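Subject: Two-chain model for your review

Dear colleague,

I am passing on the structure below, together with an account of what came out of going through it. Please read the notes alongside the coordinates, and keep them for reference when you start your own work.

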Amino acid sequence: MPLEAERDPLTDPRLIPSAADTRKVARASLSPPDGCPPTQAGVMDKFRMLFQHFQSSSESVMNGICLLLAVVTVKLYSSFDFNCPCLARYNALYGLGLLLAPPLALFLCGLLANRQSVVMVEEWRRPAGHRRKDPGIIRYMCSSVLQRALAAPLVWILLALLDGKCFVCAFSNSVDPEKFLDFANMTPSQVQFFLAKVPCKEDELVRNSPARKAVSRYLRCLSQAIGWSVTLLLIIAAFLARCLRPCFDQTGFLQRRYWSNYVDLEQKLFDETCCEHARDFAHRCVLHFFASMQSELQARGLHRDNACRSPEPPAVPEPPEVLDSGSGKAHLRAISSREQVDHLLSTWYSRKPPLDLAASPGLCGGGLSHRAPTFALGTRLSQHTDV
Amino acid sequence: MDKFRMIFQFLQSNQESFMNGICGIMALASAQMYSAFDFNCPCLPGYNAAYSAGILLAPPLVLFLLGLVMNNNVSMLAEEWKRPPGRRAKDPAVLRYMFCSMAQRALIAPVVWVAVTLLDGKCFLCAFCTAVPVTALGNGSLAPGLPAPELARLLARVPCPEIYDGDWLLAREVAVRYLRCISQALGWSFVLLTTLLAFVVRSVRPCFTQVAFLKSKYWSHYIDIERKLFDETCTEHAKAFAKVCIQQFFEAMNHDLELGHTHGTLATAPASTAAPTPPDGAEEEREKLRGITDQGTMNRLLTSWHKCKPPLQLGREEPPLMGNGWAGGGPRPPRKEVATYFSKV
């Protein structure tokens, strides 16, 4: 809605958002604008519901990301154009490099894409404060993050082994020529040169050569056997881990799972609360600014017209308390300056509140109070201009 | 969109129906995997049999274990098996039912793989090419003259058309047709046998132990749903806990700032209102906490959930779970007469 000159931002009811509107906007980040036709709003609503359903449980979000990354890996592997150099020293480098470097990159991507890795590091590094740290929770989060991050690299390695091209390229020079009778007539250096060309089907030296096909076949077999063995080992390990976990310390596991979920939720909720507070703060700042601007203008106007007009005490409008109590956000409105916000955020980091809701309020006895007088001075003076 | 959500919820509502969906997907994936897999017979005398046996047996094992791993009921079964009896007796029939139902579903993908492998024939051809009866199919007179290793080397190359050099002894197509025939016959017999077995088990089972079966099915569904609901309740509780904790943190800040204001020398502003009354939203959150408001109590609750599950008997007055440690929940239910009838399942 364009802000026209004659509309008074403080008194025009159309421009002042109601408390309900502010809350709705603060809560639903995907809500459609007011002018949307009903069908669009319906679609957006359904999309938002689906989004929120998947976000409600962070475990399902993480599983979804893990699966997505695995699918991307498969697509990446199938679209990658493998290109063995077919030169004696470079084959092994290329083959092994392609077998190991992309998995490392995918592992790091998996760690990056997982929000819980950041939460875990924060929990690990925070000062103990009022809430003691439990290494079991950090270990639980670490193992869950690592398991999910390892899925995509393993998919790449297994695909590469089952496909065989990497293995053939890397180990063609290490094959024992005695196994294949076709090399009896060649000198050792000729044999090595020949073997280096084995991965390249189209090279003139080895095209249509039965020896090349035999060696290539042998190496691919070996590669597939290793691939299937690795798959089997991994799946047996996963199965045993899943079956035998309840046999060890089940109660500890339940507690660690609950509290690591709690840490994640608390972090999310704190971020949401801070967002709400920032919106509230910004709104009040803007209103204060308009109010002060208006009172300044009126004071100037009054001063100028003082000679001509009958002195009327200007009706300085009070900034409308649109976000008044009853909205339940009184605890947010008390924090009203930059220093206070900074102090709140640094206290949240350095001294998280204890996990005991029945304890009395007041963060740490006299810890804050003796600093408060300087606070009060600062805030009183800088309330208007400090944004 | 609604239909999608309904289907999604239906599949997720029950672990069994969810697993049925997963099984179908895995069976299709198994067939797709076989067609995408590039079978590569080594064509060397010692290695053929090993490679073929590996391809016939390792992927089915992998698929079976994958089917079990993806089934959440596995850890549920293990938990139910290992938990201390506490106030709820353990029923081995329920455990057996859960294991059977999991194993049956996990067997579908391996059976599909074995059937597709046998019907295709490449694996069987690779494994048994050295055992082909040369005297009957090829130039029988030339065969005894060859030393055994040479014969084996020749025959091992049958699956590889580009390097086969034994046409003078045995035409390659003859051997391939012969072995593929046998393989397909075996494949169809296998399919017939497994479907017959499944049919017999399914139709004959109601003749035996139907009552016990119904009970086991009910209680295994119950355990599954109870576990899911417990996890959901814990998540709700954690959310409410976090909300109230953060609110209290902000209020504590507020409180400390007010203390600071009243101590300040600039006492021009009127003292702020007293500690704000908790807003309505907070009351709702506190109720969701169900009286559990600190870490120690929550840990004790989780411990006693594992060590001492409540009995399967609703509506009876229970002694407090944790003695004096209970942080106070709602009002106690009125004392009831001990009923003479209680369902013992």
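A residue is called buried here when its relative accessible area is under 20%, with a 1.4 Å probe and with protein chains only taken into account. By that criterion, 38% of the 345 residues in chain B are buried, and in chain A buried residues account for 36% of 387. Please bear in mind throughout that this is a predicted model, and that the values below are computed from it.

Overall make-up

Chain A contains 13 helices and 0 strands, so that reading along its sequence gives the pattern α-α-α-α-α-α-α-α-α-α-α-α-α. Chain B likewise has 13 helices and 0 strands, and its pattern along the sequence is α-α-α-α-α-α-α-α-α-α-α-α-α.

Annotated transmembrane regions

For chain A, an unreviewed UniProt entry places the feature "transmembrane region" at residues 61–80, 92–113 and 221–241. In the model, residues 92–113 of chain A are 100% helix and 0% strand, with their end C-alpha atoms 32 Å apart, and residues 221–241 of chain A are also 100% helix and 0% strand, with 30 Å between the end C-alpha atoms. For chain B, the UniProt annotation "transmembrane region", again from an unreviewed entry, covers residues 21–37, 49–69 and 185–204. Of these, residues 21–37 of chain B are 94% helix and 0% strand, and their end C-alpha atoms lie 24 Å apart, whereas residues 49–69 of chain B are 100% helix and 0% strand, with the end C-alpha atoms 30 Å apart.

A helix pair in chain A

Two packed helices are described by the angle between their axes and the distance between the axes. In chain A, the axes of helix H10 (residues 250–304) and helix H12 (residues 338–350) come within 13 Å and cross at roughly 180°, which means that H10(A) is roughly antiparallel to H12(A). On the H10(A) side the contact is made by Glu266(A), Phe270(A), Cys274(A), His277(A) and Phe281(A), and on the H12(A) side by Arg338(A), Val341(A), Leu344(A), Leu345(A) and Trp348(A). The residues of this contact divide into 7 nonpolar, 1 polar and 2 charged.

Two cysteines with positive phi

Most residues other than glycine have a negative phi. Against that background, Cys86(A) has a positive phi near 60°, and Cys43(B), which is not a glycine either, has a positive phi of about 55°. Cys86(A) sits in the loop between helix H3 (58–79) and helix H4 (90–113) of chain A, and Cys43(B) is in the loop between helix H2 (15–36) and helix H3 (47–69) of chain B. Cys86(A) counts as buried because its relative accessible area is 4%, and Cys43(B) is buried at 3% relative accessibility.

Covered positions in chain B

Helix H4 (residues 73–82) of chain B is mostly covered, with 8 of its 10 residues buried; these are Asn73(B), Val74(B), Ser75(B), Met76(B), Leu77(B), Ala78(B), Glu79(B) and Glu80(B). Elsewhere in chain B, Leu118(B) belongs to helix H6 (residues 108–120) and is buried as well, with a relative accessible area of 13%. Leaving aside residues up to four places away in sequence, Leu118(B) touches Ser183(B), Gln184(B), Leu186(B), Gly187(B) and Phe190(B). By contrast, the C-alpha atom of Leu118(B) is separated by 51 Å from that of Cys308(B), which is 190 residues away along the chain.

With kind regards

Notes: Residues are numbered from 1 along each chain as its sequence is written. Chains are lettered from A and ligands numbered from 1 in the order in which they are written. This is a predicted model: local features need pLDDT of at least 70, side-chain atom pairs count only at pLDDT 80 or more; totals for chains, interfaces and linings use all residues. Side-chain values use heavy atoms; hydrogens and water are left out. UniProt positions are given in the numbering used here, feature names are shortened, and annotations may be inferred rather than shown by experiment. Helices (H or I, at least four residues) and strands (E, at least two) are DSSP runs, numbered from the N terminus. Buried means under 20% relative accessible area, exposed over 50%, partly exposed in between (1.4 Å probe, protein chains only). Axes are lines fitted to C-alpha atoms, for helices over the stretch in contact, and angles run from 0 to 180 degrees between N-to-C directions. Angles under 35 degrees count as roughly parallel, over 145 as roughly antiparallel, 65 to 115 as roughly perpendicular and the rest as oblique. Contact means heavy atoms within 4.5 Å. Ala, Val, Leu, Ile, Met, Phe, Trp, Tyr, Cys and Pro count as nonpolar, Asp, Glu, Lys and Arg as charged, and the others, Gly among them, as polar.
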